[in-house]
Amino acid sequence: MTSPAPNFYFPAPRVQKFCSQCGALIIQRIPPDDNRVRDVCDNCGAVHYQNPRNVVGVLPVWQDKILLCRRAIEPRYDKWTLPAGFMELGETTAQGAMRETQEEAGAQIELGPLYTVIDVPHAEQVHFFYLAKVLSDELYPGPESLEAAFFDIEDIPWADLSFRTVVTTLEHYLADAKTGVFPVHHYDIPLPDAR
Ligand SMILES: [Zn+2]
């Protein structure tokens, strides 16, 4: 079962309208002793700090094939992605990556080492991808995926991948697979027109 598409971009805009402590209207200004514009409530004094979100995922491999999911949700509906999603409160990055793989692909995996750490400042996110070994070719994609499938390296649908963090993580994997050494890669994704 899928939910109707929301009429706003997900996740919802970061700027708050009302104070979550007292319900008064929020204004944006630089608080005393600060140097950034914040969401401030002049009624109760609360300052609502905003910080980057973590996206956690895996690069799952089954007998030299890579597991990808075709997105059933916006943004990038119908595009292929590595299993990944927003980290939840109270879980570790590894737990979040395992959970997303279960939710989106229904795949049984053995989590490997952390592989890419990617800063995406314009999206206010940091993405973490772990390597993972898929333990069975049985897949049970959940409602966030139209399908899940294994791809040979030469068949990766590069033109139909969802996000640049997915593209670059796969590019690193293909390059490292030639040497068999898979170090952690830490880099950032610049704005598209700054490339
Ligand atoms: Zn308030």
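Okay, so let's start with the overall make-up: this protein chain has two helices and 11 strands. Helices here are DSSP runs of H or I with at least four residues, strands are runs of E with at least two, and both are numbered from the N terminus. Going along the sequence, you read β-β-β-β-β-β-β-α-β-β-β-α-β.

Before I go on, this is a predicted model, where local features need pLDDT of at least 70, side-chain atom pairs count only at pLDDT 80 or more, and totals for chains, interfaces and linings use all residues. Residues are numbered from 1 along each chain as its sequence is written.

The C-alpha atoms fill a box of roughly 60 × 40 × 35 Å along the principal axes. UniProt, in an unreviewed entry, lists residues 51-173 as "domain: Nudix hydrolase". A caution on that: UniProt positions are given in the numbering used here, feature names are shortened, and annotations may be inferred rather than shown by experiment. Over residues 51-173, the chain is 19% helix and 41% strand.

Three strands make an open sheet in the order β1-β2-β3, with antiparallel pairing. Strands count as paired if DSSP finds at least two bridges between them. At the edges sit β1 (27-29) and β3 (47-48), each pairing on one side only. Between β2 (residues 38-40) and β3 there are two bridges, and V40 stands opposite V47 in β3.

Next, the inside. Of the 195 residues, 27% are buried, meaning 20 or more other C-beta atoms within 10 Å of their own, with 12 or fewer called exposed, anything in between partly exposed, and C-beta atoms placed from the backbone. A nonpolar core is a set of buried Ala, Val, Leu, Ile, Met, Phe, Trp, Tyr and Cys residues joined through C-beta atoms within 7 Å. The largest one has 31 residues, and those with the most contacts inside it include L67, F129 and Y130. Strand β9 gives the most to this core, six residues.

So who does Y130 touch? Skipping neighbours within four places in sequence, Y130 is in contact with V58, A94, A97, L111, G112, P113, L114 and Y115. Contact means that the C-beta atoms, placed from the backbone, lie within 7 Å.

Last one: I66, in strand β5. Why does I66 count as buried? Because I66 has 21 other C-beta atoms within 10 Å. In general, nonpolar side chains in soluble globular proteins tend to be buried together.

Terms used
Contact = placed C-beta atoms within 7 Å.
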